[in-house]
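Student: Please take me through a close look at one part of this model. I would like the charged side chains and their partners, then the setting around them.

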Amino acid sequence: MEIKQISVFFENKPGRLAEVTKVLADAGINLRAISIADTADFGILRLIVNDYDKAASTLNAAGFTTRITNVAAVEIEDKPGSLAKVMDIFKTANVNIEYLYASLEGKEGKAVVIFKLGDHERGLRLIEENALSMVVSF
């Protein structure tokens with residue numbers, strides 16, 4: 001099982017990130033995880049939200065370009081070495097991690113890491129086979 005991530009593409013100029021977050025706030029969308037990557041000219045905001053259909057349609061109506069992608073959210077122990085163990089599973093199986101970021105969600109003593117995997121289906125099987133705890137909703 002995976003979760004949906006929304007990528008929002010926009011010009012890298014003052015105020016654009018504020019516009020995106022205001023559109024989501026006005027629509028009652030709750031952010032559960034957030035990451036941003038940028039270049040001199042544009043940014044890609046990656047979001048996990050409580051209602052991805054509503055968020056995407058609201059952002060599109062406001063003139064933003066969006067894309068929905070399947071990602072894996074894995075709950076790990078919040079202690080040294082926990083992420084390294086998960087990374088080693090993917091390394092051993094030769095599954096590329098395109099990017100990752102942490103979530104705002106999580107139980108006490110746990111962290112949630114969002115993975116965009118090069119081979120998504122194989123990555124999901126590895127998560128299951130290694131009895132890793134997947135987060136399937138926020």
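**Salt bridges and their setting**

Tutor: Glu19 is partly exposed, because its relative accessibility is 36%. This is a predicted model. The partner of Glu19 is Arg16, and the closest N and O atoms of this salt bridge are 2.6 Å apart. Arg16 counts as buried, at 18% relative accessibility; the cut-off for buried is under 20%. Both residues belong to helix H1, which spans residues 16-26. They are 3 residues apart there, about one turn of the helix.

Lys110 and Glu77 meet through their side chains in a salt bridge, at 3.5 Å from N to O. Lys110 is partly exposed, at 30% relative accessibility. Glu77 is partly exposed too, with a relative accessible area of 39%.

A further salt bridge joins the side chains of Glu11 and Lys13, with 3.8 Å from N to O. The cut-off for a salt bridge is within 4 Å. Glu11 is partly exposed at 48% relative accessibility. Lys13 has a relative accessible area of 43% and is also partly exposed. The structure's count comes to 5 salt bridges.

The charged end of Arg46 sits over the ring of Tyr99, 3.7 Å from the ring centre. Tyr99 also takes part in one of the 2 aromatic pairs that the structure holds. Its partner is Tyr101, and the pair is stacked. The centres are 6.5 Å apart, with 20° between the planes. Tyr99 and Tyr101 are both buried.

Now the whole chain. The secondary structure comes to 4 helices and 7 strands. Along the sequence they follow the pattern β-α-β-β-α-β-α-β-β-α-β. The radius of gyration is 16 Å, close to the 14 Å from the globule rule for 138 residues, so the chain is as compact as a globular protein of that length. Its C-alpha atoms fill a box of roughly 40 × 30 × 25 Å along the principal axes.

Contacts and surface complete the picture. Take the contacts between residues at least 6 apart in sequence: 70% of them join residues at least 24 apart. Buried residues make up 41% of the 138 residues. The accessible surface comes to about 7,600 Å², and 49% of that belongs to carbon and sulfur atoms.

Key:
Residues are numbered from 1 along each chain as its sequence is written. This is a predicted model: local features need pLDDT of at least 70, side-chain atom pairs count only at pLDDT 80 or more; totals for chains, interfaces and linings use all residues. Side-chain values use heavy atoms; hydrogens and water are left out. Rings of Phe, Tyr and Trp (its six-membered ring) pair if their centres lie within 6.5 Å; planes under 30 degrees apart count as stacked, over 60 as edge-to-face and the rest as tilted. Buried means under 20% relative accessible area, exposed over 50%, partly exposed in between (1.4 Å probe, protein chains only). A charge sits over a ring if NZ of Lys or CZ of Arg is within 6 Å of the ring centre and within 35 degrees of the ring normal. Helices (H or I, at least four residues) and strands (E, at least two) are DSSP runs, numbered from the N terminus. The radius of gyration is taken over C-alpha atoms; the globule rule is 2.2 Å times the number of residues to the power 0.38. Contact means heavy atoms within 4.5 Å. Accessible areas come from the Shrake-Rupley method with a 1.4 Å probe; for residues, only the protein chains shown count as cover.
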